[in-house]
Amino acid sequence: MSTAPAHGSLPITPGKIIAVHISHESRAAQRGRRPAAPSYFFKPSSSLGASGDAVERPEGTELLAFEGEIALVIGSPARSVSPAEAWSHVAWVTASNDWGLYDLRANDKGSNVRNKGRDGYTPVGPQLIDARAVDPTALRVRTWLNGELVQEGETVDLIFPFSQIIADLSQHLTLETGDIILTGTPAGASVAAPGDIVEVEVDAPNMIGGLSSGKLTSRVIDGPGDFDPAIGSLPSVDDLQREEAWGSREAARLPVAVPAFSPELRDKLLKTPVAGLSQQLRKRGLDNVSIDGVRATRQGTKLVGVAKTLRFVPNREDLFRSHGGGYNAQKRAFDAVREGEVIVIEARGERGSGTLGDVLALRALARGAAGVVTDGGVRDYATVAGIDLPVFSQGPHPAVLGRKHVPWDTDLTIACGGATVQPGDIIVGDDDGVIVIPPAIAEEVADAALAQEIEDAWIAEQVAAGHPVDGLFPMNAQWRAKYEAAAIDSSAAEPPRSRSSSPRATIAGTR
């Protein structure tokens, strides 16, 4: 016999279910990270389900995600086995669906206990394929959502072959008879809603006879959302969780992140004062782009980077208990900030509490962040000012978040200092303040502002020489002709120097 009914006819109830985080090349490419070694998490045996079972999405949640996978059932104990002998310890192969509720993922910190350990969140079956009858490098897993094929992966494309996964686990613990290993999902895993039908099949397409697990079917239904905030973590989502659950920002219908701007554009913006950029934005009809009321912790600081957003809501004690502690949105933002990004914090202009302190500033620095802008306060102000990280804020305040704020969510459109900021916007700051530049026009605005700076520097030279400003600032036709003639004359030697490149305006503290 090459197949047998699964789940109800498993050799024994598994003592443990072990799942691999990322093992398919396609999944690694989709997530943008390729692990150097396999990593794992446990699922309880109480999460086992069978084909045809309903899978509940609790009331008030949105991110129930499916992951079609190949499941291996251990047939004999394996401890410190080599890759060469690892497959001999596998008795059966079947289909599995590694369901997860991403609304509970953040506070699990990788353990996946709450998010993937719920009852019925590990259906397997419906048939078991005899492991001795198949080549472990020639298996395939496919997933259908409401009849549409959405996932397909083959074991020949695994980052970590089954033999390596089994051998690696066995050098740390004993794999016992009946244990199940979920071997990772290919690209295409996504979100299902009540009413959806998800099917997973494992087969050996190149084998004569076409061995198959049959289609493992799960029907998504509504379930109770009776989470008690007095006991533990409540569901919460942000755009990072939405992106990972759906598989991409596009699939989650989120604004597509703008690629990091070029070094050439960054150099232009570093040379251009905020006042000049603001003038050019106003010429283009953008008057409400200033983040008002914020100042740098150190005079002479220049800030240039791409916005990563974080939102605080007004403190409410019950919400702070559920969202303020643990691995909250504030900590997630500082842990996830990328090189060249500016963490922009919506604190509603509330100065009565700090929105970051020295530890988080050091974390942002270590991550390569371009800086932080908050329309709230900063704790450990003197220490933060001494860190080589541009920070713009409303000023110092000793209180922690819980006095005024609840850290709520990240990577969404926010309001900071009266300006709307979206992830991917370009942020520029100096002693005059901080502005927001839509990325689509950043190059145009920078070029125009630099050209205006050169012109203004020439005007300043004329005023310093004793000329009145009438007709010179702004220039009338006569002065414009003189300026253009001077520009032609100087082009053969050295181009006019902008005010921002003069020794007096040299930027200190630029990173």
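Reader: Is asparagine 112 buried or exposed?
Author: Asparagine 112 has a relative accessible area of 5% in this predicted model. Buried means under 20% relative accessible area, exposed over 50% and partly exposed in between, using a 1.4 Å probe and protein chains only. Because its value is 5%, asparagine 112 counts as buried.

Reader: What kind of model is this?
Author: Residues are numbered from 1 along each chain as its sequence is written, and side-chain values use heavy atoms, with hydrogens and water left out. Local features need pLDDT of at least 70, side-chain atom pairs count only at pLDDT 80 or more, and totals for chains, interfaces and linings use all residues, since the model is predicted.

Reader: How many helices and strands does the chain have?
Author: Helices (H or I, at least four residues) and strands (E, at least two) are DSSP runs, numbered from the N terminus. Counted this way, the chain has 13 helices and 28 strands.

Reader: What share of the residues in the chain is buried?
Author: The chain has 511 residues, and its C-alpha atoms fill a box of roughly 100 × 55 × 45 Å along the principal axes. Of those residues, the buried part is 51%.

Reader: Among contacts between residues at least 6 apart in sequence, what share joins residues at least 24 apart?
Author: Contact means heavy atoms within 4.5 Å. Among the contacts between residues at least 6 apart in sequence, the share that joins residues at least 24 apart is 78%.

Reader: Back to asparagine 112: what is its phi?
Author: Asparagine 112 sits in the loop between β9 and α3 (113–116). Although it is not a glycine, its phi is positive, at about 65°.

Reader: Where is serine 80 placed?
Author: Serine 80 also has a positive phi, near 55°, and is a residue other than glycine. It is exposed, with a relative accessible area of 52%. Its place is in the loop between β7 (68–74) and α2.

Reader: What distance separates the C-alpha atoms of histidine 172 and serine 80?
Author: Histidine 172 lies in the loop between α4 and β14 (180–182) and is exposed at 56% relative accessible area. Along the chain, histidine 172 and serine 80 are 92 residues apart. Their C-alpha atoms are separated by 7.7 Å.

Reader: How many aromatic pairs does a search of the whole structure find?
Author: Rings of Phe, Tyr and Trp (its six-membered ring) pair if their centres lie within 6.5 Å; planes under 30 degrees apart count as stacked, over 60 as edge-to-face and the rest as tilted. Searching the whole structure gives a count of aromatic pairs of 3.

Reader: How are the rings of phenylalanine 66 and tryptophan 99 arranged, and how many residues apart are the two in sequence?
Author: The ring centres are 6.3 Å apart and the planes are at 75°, so this pair is edge-to-face. Phenylalanine 66 lies in strand β6 (residues 64–66) and tryptophan 99 in the loop between β8 (90–97) and β9 (100–101), so the pair ties together parts whose separation in sequence, in residues, is 33.

Reader: Are phenylalanine 66 and tryptophan 99 buried or exposed?
Author: Phenylalanine 66 has 0% relative accessibility, so it counts as buried. Tryptophan 99 has a relative accessible area of 0%, so it too is buried.

Reader: What type of pair do tryptophan 87 and phenylalanine 162 form?
Author: Their ring centres are 6.0 Å apart and their planes are at 10°, so the pair is stacked. It links distant parts of the chain, 75 residues apart: tryptophan 87 in the loop between α2 (83–86) and β8, and phenylalanine 162 in helix α4 (residues 162–170). Both residues are buried. To repeat the type, the pair is stacked.

Reader: At what angle do the axes of helices α7 and α12 cross?
Author: Axes are lines fitted to C-alpha atoms, for helices over the stretch in contact, and angles run from 0 to 180 degrees between N-to-C directions. The axes of α7 (residues 274–283) and α12 (residues 442–464) come within 9 Å of each other and cross at roughly 120°.

Reader: How is α7 set relative to α12?
Author: Angles under 35 degrees count as roughly parallel, over 145 as roughly antiparallel, 65 to 115 as roughly perpendicular and the rest as oblique. That makes the arrangement of α7 to α12 oblique.
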